[in-house]
Amino acid sequence: MVSMTLSFRKIAALAGVAMLVFAGGARAQGQVNVICSVPITWCEALIAQFQKETGIKVGMTQKGSGEATAQVAAEKANPKYDVWYAGTGDPHLQAAELGLTEEYKSPLLSQLYEWSQHQAEQSKYRTVGIYTGALGIGWNTELLAKKKLPEPKCWADLAKPEYKDEVQMANPNASGTAYSTIATFVQIFGEDKAFELLKGMHRNTNNYPRTGVGAIRAAARGETTIAVTFLHDGVSEIANGFPVKVVVPCEGTGFEVGSVSIIKGSRNLENAKKFYDWALTPAAQKIGADTKNFQTPSNRATPIPPAAPKMSEIKLINYDFAKYGSAAERKRLLDKWDKEVYALPK
């Protein structure tokens with residue numbers, strides 16, 4: 001009986017040691033929590049690969065850039081997430097300005113294109129570019145032909161009466177794509193004409209989805225005819241077999257520098273830095289193209305997908321990221337859009 005009791009105690013002790021070793025290993029690997037602002041298939045593939053390579057567990061939620069900004073701001077005193085991955089760069093710059101993100105200089109900075117490094121410098125190293133892409137117009141070719149509508153060639157076309165109830169643009173309060181569109185219009189047309197165009201588009205708009213990709217997905221699936229979109233999102237729908245065409249508007253267009261940031265007050269700061277650095281590697285950036293997303297990656301060694309719109313051939317405006325990446329300007333333009341555009345009857 002005594003020997004059985006001693007044996008039991010030995011087994012229990014060994015089990016306890018084993019549990020401590022396991023727990024210690026789990027703590028060493030730990031966790032990182034990520035807000036992901038690209039399509040869900042990309043988010044899931046990214047997280048799966050990072051977990052596989054590092055053993056670090058990832059908690060992930062997917063949100064558009066505007067909603068991500070709101071969440072990071074709301075949780076400032078008690079952040080639930082460590083990293084904000086992707087989405088348009090303007091909201092990342094605004095978060096940096098408001099002190100919502102951590103300063104961090106990745107050892108991979110020198111491997112990145114100048115436009116990515118500039119994003120880091122401008123934010124005082126509180127964010128960095130991971131890809132770039134240009135805004136444009138996309139449409140469902142079958143619906144356009146069926147309804148005998150002309151192809152839109154310019155931003156101004158989207159306010160024409162023949163496109164009544166045929167257009168979608170995301171809600172700029174939730175979507176970085178849509179905010180970038182408003183900022184682009186203001187820089188191309190001047191503020192008064194830009195808002196007249198937005199009012200004309202409002203009369204033609206049948207829905208304002210929550211995410212930037214929502215509009216072109218709706219067009220691809222025949223739920224609307226025309227969408228304001230990043231060109232690469234239209235190319236993704238084409239790659240998925242949908243009858244979509246995209247065009248660079250005749251007036252020229254704005255562009256994004258999709259970014260990644262570490263959230264201020266991160267509970268898992270070292271793992272957040274590991275994720276941040278990993279996101280800048282060619283292996284991580286290639287996952288975009290692998291999941292049929294066609295942005296231009298920021299690491300010079302990452303292959304640019306052949307189907308990606310060629311940024312050097314697009315008529316790009318000199319987008320003022322300093323001005324339109326500021327929190328005050330974003331709030332002012334969104335308030336104005338809410339009052340002068342969204343509040344209008346159709």
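**View 1. Burial of strand 4 in the predicted model**. Strand 4, which spans residues 128-140, has 13 of its 13 residues buried, and it is therefore largely enclosed by the rest of the structure. Buried here refers to a relative accessible area under 20%, and the model from which these values were computed is a predicted one.

**View 2. Pairing of strand 4 with strands 9 and 10**. Strand 4 runs antiparallel to strand 9 (residues 255-262), to which it is joined by 6 bridges, and within this pairing Gly129 stands opposite Ser259 of strand 9. Strand 10 (residues 296-297) also pairs with strand 4 in the antiparallel sense, in this case over 2 bridges, with Thr132 placed opposite Thr296 of strand 10.

**View 3. Pairing of strand 4 with strands 7 and 8**. Over 5 bridges, strand 4 pairs in the antiparallel sense with strand 7 (residues 226-230), where Ala227 is the bridge partner of Gly138. Strand 8 (residues 244-247) likewise runs antiparallel to strand 4 and is joined to it by 4 bridges; in this pairing, Trp139 stands opposite Lys245 of strand 8.

**View 4. The buried residues of helix 14 and what covers them**. In helix 14 (residues 327-342), the buried residues are Ala327, Glu329, Arg330, Leu333, Leu334, Lys336, Trp337 and Val341. The elements that cover these buried residues include helix 3 (65-74) and helix 4 (89-97), together with helix 7 (176-189), helix 8 (191-204) and helix 13 (321-324).

Terms used
Residues numbered from 1 in each chain as written. Predicted model: local features only at pLDDT ≥ 70, side-chain atom pairs only at ≥ 80, totals over all residues. Heavy atoms only, no water. Buried < 20%, exposed > 50% of the residue type's maximum accessible area, 1.4 Å probe, protein only. Pairing = 2+ DSSP bridges. Contact = heavy atoms within 4.5 Å.
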